[in-house]
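Hi,

Here is the structure I promised to pass on. Have a look at it first, and then read my notes below.

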Amino acid sequence: MADTQQVDPKAERRVAKLAKQIDAFSKAHGGAEGQVAHIGERGARIVLVGEDGGWGDLVAPSPAIAEQAVRKAGITVHEAFDGEFAAKVRTGPYEWTRMAGIQVGGPSNS
């Protein structure tokens, strides 16, 4: 019997574009690993961590498209963003300033 599975050309293009972006990130950071997280109606977030500690993310319109994109890009995908994977992230002055601003820049309780 012939395979009758329908292929959505728009989804295929989105998968290809995301995979190309993941591949570019990986090349720029000496390799990459990722994690896909469902973010509700917005789709899925692909968090990328480079071998050099650099990080970034992409948003896919659905978890299925995100999974296809990371598979096509050929990166290692983690089930959760924790442990050794999370420890690979290296933050810079921008992130520390933003994190400190959240803690010390809010309204006082006195």
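Which residues touch the most other members of the largest nonpolar core? They are I22, I46 and L48, in a core of 17 residues. By nonpolar core I mean a set of buried Ala, Val, Leu, Ile, Met, Phe, Trp, Tyr and Cys residues joined through side-chain atoms within 4.5 Å. Buried stands for under 20% relative accessible area, exposed for over 50%, and partly exposed for anything in between (1.4 Å probe, protein chains only). Two or more residues of this core come from each of α1, β1, β2, β3 and α2 (63-73). Helix α1 gives the largest share, five residues.

Before the rest, some housekeeping. This is a predicted model, where local features need pLDDT of at least 70 and side-chain atom pairs count only at pLDDT 80 or more, while totals for chains, interfaces and linings use all residues. Residues are numbered from 1 along each chain as its sequence is written, and side-chain values use heavy atoms, with hydrogens and water left out.

Now the overall layout. The protein has four helices and four strands, in the order α-β-β-β-α-β-α-α from the N terminus. Those are DSSP runs numbered from the N terminus, helices being H or I of at least four residues and strands E of at least two. Of its 110 residues, 30% count as buried.

The strands make an open sheet in the order β3-β2-β1-β4, with mixed pairing; two strands pair if DSSP finds at least two bridges between them. β3 (55-60) and β4 (76-78) are at the edges with a single partner strand each, so one side of each has no neighbour in the sheet. From one strand to the next, the twist averages 30°. Helix α1 (residues 9-28) packs on the sheet and touches β1 (32-38), β2 and β3, and its direction makes about 180° with that of β3. For such angles, axes are lines fitted to C-alpha atoms (for helices over the stretch in contact), and the values run from 0 to 180 degrees between N-to-C directions.

Strand β2 (residues 44-50) pairs with β3 in the antiparallel sense over six bridges. The two form a hairpin with four residues between them, and G53 in the turn has a positive phi of about 95°. Across the pair, L48 has G56 as its bridge partner, and V47 stands opposite D57.

Leaving aside neighbours within four places in sequence, its contacts (heavy atoms within 4.5 Å) include I22, F25, W55, L58 and I75.

F85 is buried at 3% relative accessible area, while F81 is partly exposed at 38%.

Finally, G74 sits in the loop between α2 and β4 and counts as exposed at 60% relative accessibility. G74 and S26 are 48 residues apart in sequence and 10.0 Å apart in space, C-alpha to C-alpha.

Cheers
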